[in-house]
Structures are given as C-alpha cells and as structure tokens.
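This report describes one protein chain for a reader who is new to structural analysis. Please keep the sequence and the model in view while reading.

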Amino acid sequence: QMVSLRLRPSLCPRIARDILRFICNMSKPRVLILGGVGFIGRHLTCYLVENDLTSKVRVVDKVPPATGWLNDRHKAAFNKVEYKQANLANTASAEKAFIDPEGTYDVVVNLAAETKYGQSDEVYKERVLTVTLNCAHLAAKMSVKKFIEVSTAQVYDSGKVASNENSKLSPWTQIAKYKLHGELELAKIPGYVCCHDNTDHVQLLKVMLCNNSTCNSVWDRRSFRLDTSTNCGSCLCTFERENEVVMD
C-alpha cells in the first residue's frame with residue numbers, strides 16, 4: 001500500500017503522530033525513515049523509539065546526526081537506531097539505503113525533499129521529484145507493505161478560503177510543483193492512495209487492491225472512490241474511509 005499525505009508546514013510539530021496512524025496498526029514493524037534527520041523525521045524517530053513501537057528503525061539522510069543539531073532527547077533516540085547516509089536522488093545510493101540483510105522493511109516513510117526556498121528549478125526536480133520516484137519504485141520493487149510519501153498542502157490554489165480535498169490544484173511554490181508531479185506519478189503505481197491534511201483534521205484512507213493481475217479495479221483520486229465496476233468478479237477489493245479525527 002502506498003499513501004501520500006499532504007501536510008501544512010504549520011502543523012509540523014503534530015505530523016509525526018499522524019504518520020503513526022499508518023504505522024501502529026502493525027505489530028512491531030521494521031521502519032525505514034528517509035530524510036529522518038530533518039525536523040519531522042527526528043520527532044518521528046524519537047516517538048517510535050521512546051514508545052518501543054518497532055522492531056527496528058533505520059534512518060537515512062544525507063546529513064549525519066552528529067551535524068544535524070539534535071537536542072539531547074533526540075540524540076538519545078538516535079543512539080538506538082541504525083543510521084545510513086545516502087543520496088536518494090541517485091538510484092544506486094537509494095537502493096543501498098533500502099537493502100538490509102535482516103530483511104525487507106514493513107514501512108517506509110519518505111520525508112526526504114529539498115525544503116529551502118529560492119533554489120533553481122533543476123534542484124527541486126532532482127531533490128523532490130527524483131527522490132520521490134526513486135524511493136517509491138524501490139518500495140514497490142521490494143514489496144514494502146506500506147510506503148508513506150509526505151507531500152504539502154501548497155499544491156492547492158492560494159485563495160482567501162481554507163482548502164479542502166476538492167480544492168483547485170494550483171501549486172504556488174516550486175516545492176509544491178514537484179511534490180504534485182510526484183503524486184501524479186505515484187498514482188500510476190498499483191496500491192497507491194492519496195490522503196490529505198488541509199485543515200486541523202486528518203483523514204485516513206485505506207484501500208486494498210486485488211492481487212489478481214487481471215483485475216482492473218482502480219482508485220479514482222478525484223472522487224475518492226474505488227472503482228470496481230471492471231473488476232475480475234471474484235476479488236475482494238475494498239475501500240474504507242475512517243471518520244475525521246480532530247487533532248488537539
């Protein structure tokens with residue numbers, strides 16, 4: 001299953017908890033956090049470690065923890081996880097980040113992306129779009145159970161009213177431009193579903209697609225419905241949308 005979360009930067013302190021909703025329904029999963037030394041990644045890593053929620057955590061980032069300005073609490077958490085340095089825009093380097101002799105990771109969370117403003121178009125294309133696609137295709141290739149791509153709510157038109165899931169898509173930053181491009185490419189990978197967090201609510205969408213290669217059930221990202229009108233006739237394609245949860 002592949003999931004994309006569109007998040008507002010102002011909600012960063014609470015994002016880690018919402019990502020956990022997609023992780024913690026599994027018993028002690030093996031988790032790979034890409035871009036894990038960053039602001040969101042270090043909070044997610046810390047929470048997973050302190051609450052003993054995983055059997056293993058590997059953090060991948062181009063920035064070593066020693067130079068990442070971690071506080072004492074985060075340093076303690078990182079002492080209990082495995083760190084691997086990698087350039088995820090490079091296919092070979094990204095593949096090494098995924099390979100683990102102990103086995104495949106159950107969950108991969110992609111937080112890796114260029115977040116600085118004022119960079120060139122080429123920089124965003126490589127460090128946002130290429131990174132997303134490299135990691136998503138590797139997750140699919142290695143049969144990762146859950147791949148979580150963290151996007152941005154900046155993909156919506158910058159209007160005077162709050163955006164929602166049906167708002168016009170009109171990226172207003174270069175980061176958002178390539179995040180949206182990445183979402184559209186991810187949507188072509190079987191098992192992908194897009195989730196949004198545009199207000200102070202988080203909406204969780206789960207989909208289970210048929211394992212039958214001849215089944216044509218598809219996810220309609222515009223109507224948020226699973227179209228099973230052309231399925232194989234014997235599959236159990238299902239769709240579940242959980243109630244909105246107000247974040248405190």
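Among the contacts in the protein with a separation of 6 or more, 72% are between residues 24 or more positions apart; a contact means heavy atoms within 4.5 Å.

The model is predicted, so local features need pLDDT of at least 70 and side-chain atom pairs count only at pLDDT 80 or more, while totals for chains, interfaces and linings use all residues. Residues are numbered from 1 along each chain as its sequence is written, and side-chain values use heavy atoms, with hydrogens and water left out.

## Overall composition

The secondary structure comprises six helices and 13 strands. These elements are DSSP runs numbered from the N terminus: helices are H or I runs of at least four residues, and strands are E runs of at least two.

Of the 248 residues, 48% count as buried. A residue is buried under 20% relative accessible area, exposed over 50%, and partly exposed in between (1.4 Å probe, protein chains only). The protein exposes about 12,600 Å², of which carbon and sulfur atoms supply 50%; such areas come from the Shrake-Rupley method with a 1.4 Å probe, and for residues only the protein chains shown count as cover.

Strand β2 covers residues 30-34, and five of its five residues are buried. In a regular strand the side chains alternate between the two faces of the sheet. In β2, Arg30, Leu32 and Leu34 lie on one side and Val31 and Ile33 on the other, and all are buried, which leaves both faces covered.

Strand β2 runs parallel to strand β3 (residues 56-61), to which five bridges join it. Two strands pair if DSSP finds at least two bridges between them. Within this pairing, Ile33 has Val59 of β3 as its bridge partner. From β2 the chain passes through helix α2 (residues 39-50) to β3, and this β-α-β crossover is right-handed: with the strands pointing away from the viewer, the path from the first strand over the helix to the second runs clockwise.

Strand β2 is also joined by four bridges to strand β5 (residues 107-110), again in parallel. There, Leu34 has Asn110 as its bridge partner.

## Selected residues

Ser93 lies in helix α4 (residues 91-98). Is Ser93 buried or exposed? Ser93 is buried, because its relative accessible area is 18%. Leaving aside residues up to four places away in sequence, Ser93 touches Ala86 and Asn87.

Cys46 is buried at a relative accessible area of 3%, and Cys135 is buried at 0%. A disulfide is a pair of cysteine sulfur atoms within 2.5 Å, and by this rule the count is zero.
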